[in-house]
Structures are given as C-alpha cells and as structure tokens.
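The sequence and coordinates are shown first.

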Amino acid sequence: MDAQVTFRQADERDLDRLVGLFDGAAGWMVRNGIDQWKPGDKSAEHFRARMAAGEVWLMCRAGRAVGAYELWWEDEPAWGPQPPVAGYVHRLMTDRETAPAGAGRALLAHAEERIAAGGRAVARLDCVTGNPRLRTYYEAAGYTVVGEELGKLAADGTRYGVTLLEKALTRP
C-alpha cells in the first residue's frame, strides 16, 4: 500500500466527493455486469445522515479523496437487533482511476481498526447475494459467511437478499 495514503473523517465539505465516489463505483459495477449499486442511488443527504448516525471515512492520497466507507454501530435491517459487539462496514468504495492498488483492503483494515478501537470485537458487513465476486473478495480478506437475510428492505421499498459476513477482531 502507498505510504502516502491517509484517512480522515468526512465532513460537510466532502458531500459532493462522496456522491462522486459512490457514482463512480456504481457506474463501474453497471459497466461490469454487477447488479448491486446504481449511479444516483445515494445523494448528499444520504451521506449527511450517515455522518450524523455513525462515521464516514475518506482515504486520501496527495490531498485527494480516493476511497471511502461508512461505519455503522448497528444494522438492524440486515442483522436484526444485536448486542453492541460489532461495527458494520458499508459502502466501501474506491476511485478506480486514482486509488492505489490495495486500496479496498486498506479501507477494510482501517474500518476494522476503528471498530476495535470502539471496544467492539467483530466487524460485520453484507453484500448482495447475487454478487459472488464481492463475497469472494470479503472471504479472502478474512470474513466468514454467517447467514443470509433474504428480505432486506431497500430505500425504494423493494426487498433483496444479502449475504452476511463477519470477522473476529483483535483489540488494540
């Protein structure tokens, strides 16, 4: 990983860049036949709400945001009510043109460090059940499939299936 990569929490000034990162990642998915994200699905309001409810982090290189993720402290739509033992990683995204090789793994590692620093022992995430490539990516990063939620409710009211994955963390 590039030694010049830094992380910082996103703020109001980053909303447009977050939307751009999402739309870029979603566009790449569409062009590559991956049915998961669609450009335009996440607005500045989405990211503003995520900042208020949890954490949104940016990966920067040479002063430019080249990746981001959301960290939630609960995720009932996918995981149901849970004791406070985990952090939930969402919207892991990179700028495929400017992010260095290994950026996705570096984002995951940063999220895992944040979760452990928050006193939680497990990192959790989900991916659309119909995306075996992403599931394989997360399994290679040490995550284990622990179940499925076949009726997760989308913002537009539709339901879809997700594969639930988790990884035990070592506390700092």
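## Backbone positions with positive phi

Ala62 is located in the loop that connects β2 and β3; helices (H or I, at least four residues) and strands (E, at least two) are DSSP runs, numbered from the N terminus. Its phi is near 55°, a positive value in a residue other than glycine. Ala62 has a relative accessible area of 80% and is therefore exposed; the term exposed denotes over 50% relative accessible area, buried under 20%, and partly exposed the range in between (1.4 Å probe, protein chains only).

Arg91, in strand β4, is not a glycine either, and has a positive phi of about 50°. With a relative accessibility of 14%, Arg91 counts as buried.

## Basis of the model

The model is predicted: local features require pLDDT of at least 70 and side-chain atom pairs count only at pLDDT 80 or more, whereas totals for chains, interfaces and linings use all residues. Residues are numbered from 1 along each chain as its sequence is written, and side-chain values use heavy atoms, with hydrogens and water left out.

## Overall architecture

The protein chain contains five helices and seven strands. Starting at the N terminus, their order is β-α-α-β-β-α-β-α-β-α-β-β. Along the principal axes, the C-alpha atoms fill a box of roughly 40 × 40 × 30 Å.

A compact globule of 172 residues would have a radius of gyration near 16 Å, and the 15 Å of the protein chain agrees with this. The radius is taken over C-alpha atoms, and the globule rule is 2.2 Å times the number of residues to the power 0.38. Of the 172 residues, 48% are buried. Among contacts (heavy atoms within 4.5 Å) between residues at least 6 apart in sequence, 63% join residues at least 24 apart.

## Helix α1

Helix α1 comprises 17 residues (15–31), which should span 24 Å at 1.5 Å a residue; the end C-alpha atoms are 24 Å apart, in agreement. The expected span is 1.5 Å times one less than the number of residues. Buried residues of α1 include Leu18, Leu21, Phe22, Trp28 and Met29. The buried residues of this helix pack against α2 (44–53), β2 (55–61), β3 (64–72), β4 (86–94) and α5 (132–140).

Arg31 also belongs to α1, but at 64% relative accessibility it counts as exposed. Arg31 and Gly147 are separated by 116 residues in sequence and by 29 Å in space, C-alpha to C-alpha.

## Strand β5 and its partners

Seven of the seven residues of strand β5 (residues 122–128) are buried, so the strand is largely enclosed by the rest of the structure. β5 pairs with β4 in the parallel sense over three bridges; two strands pair if DSSP finds at least two bridges between them. In this pairing, Tyr88 stands opposite Arg124 in β5. Strand β7 (residues 159–168) runs antiparallel to β5, and seven bridges join the two; Cys127 stands opposite Thr163 in β7.

Leu125 lies in β5 and counts as buried at 1% relative accessibility. Residues up to four places away in sequence aside, Leu125 touches Trp79, Val89, Leu108, Tyr138, Tyr143, Thr163, Leu164 and Leu165. Ala154 is 29 residues from Leu125 along the chain, and their C-alpha atoms are separated by 16 Å.

## Helix α4 and the crossover

β4, helix α4 (residues 103–117) and β5 form a right-handed β-α-β unit. A crossover is right-handed if, with the strands pointing away from the viewer, the path from the first strand over the helix to the second runs clockwise.

The 15 residues of α4 reach 21 Å from the first C-alpha to the last, close to the 21 Å expected at 1.5 Å a residue. Among the buried residues of α4 are Leu107, Leu108, His110, Glu112 and Ile115. Leu108 is also one of the residues that Leu125 touches.
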